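Visitor: Could you walk me through this one? I'm new to reading structures.
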Amino acid sequence: MNPQCARCGKVVYPTEKVNCLDKYWHKGCFHCEVCKMALNMNNYKGYEKKPYCNAHYPKQSFTTVADTPENLRLKQQSELQSQVKYKRDFEESKGRGFSIVTDTPELQRLKRTQEQISNVCDYLLK
């Protein structure tokens with residue numbers, strides 16, 4: 001038994017059959033949904049199992065992404081890693097002064113070494 005046309009519902013015989021988009025069509029019935037331009041297998045575009053020409057192919061608009069906890073975490077993580085955040089934090093903390101660092105034995109040794117080098121340089125410059 002011959003299948004029915006997806007557009008007109010009449011029987012489609014093998015000589016005029018177009019098998020596309022999981023349906024059968026008459027050659028004359030295989031046209032754009034909007035402008036009715038005749039289509040063939042080389043120039044059609046399918047959207048939701050309906051044929052369209054290139055000009056009337058529906059444009060897909062993207063939806064907004066929901067702010068899920070995972071997306072918020074990723075957004076925060078990428079912001080922390082960005083150079084903009086580092087620069088902004090640097091600019092904000094510029095006038096605050098220095099933070100207090102505990103005086104470890106290693107830091108005391110470095111301070112003494114720097115003082116000795118500075119004294120040697122002063123002596124040599126005199």
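Guide: Two strands are said to pair if DSSP finds at least two bridges between them, and strands here are DSSP runs of E with at least two residues, while helices are runs of H or I with at least four, numbered from the N terminus. This is a predicted model, in which local features need pLDDT of at least 70, side-chain atom pairs count only at pLDDT 80 or more, and totals for chains, interfaces and linings use all residues. Residues are numbered from 1 along each chain as its sequence is written, and side-chain values use heavy atoms, with hydrogens and water left out.

Visitor: What does lysine 23 contact, beyond its neighbours within four places in sequence?
Guide: Lysine 23, which lies in strand S2, is in contact (heavy atoms within 4.5 Å) with Ala6, Val18 and Lys49. Its side chain reaches the backbone oxygen of lysine 49 at 3.3 Å.

Visitor: Why does lysine 23 count as partly exposed?
Guide: Lysine 23 counts as partly exposed because its relative accessible area is 29%, where buried means under 20%, exposed over 50% and partly exposed in between, with a 1.4 Å probe and protein chains only.

Visitor: Switching topic, where is valine 120?
Guide: Valine 120 sits in helix H3 (residues 105-125), and it is partly exposed because its relative accessibility is 47%.

How values were computed
A polar contact is a pair of N or O atoms within 3.5 Å; within protein, one must be able to donate a hydrogen and the other to accept it, and residues adjacent in sequence count only if both atoms are side-chain atoms.
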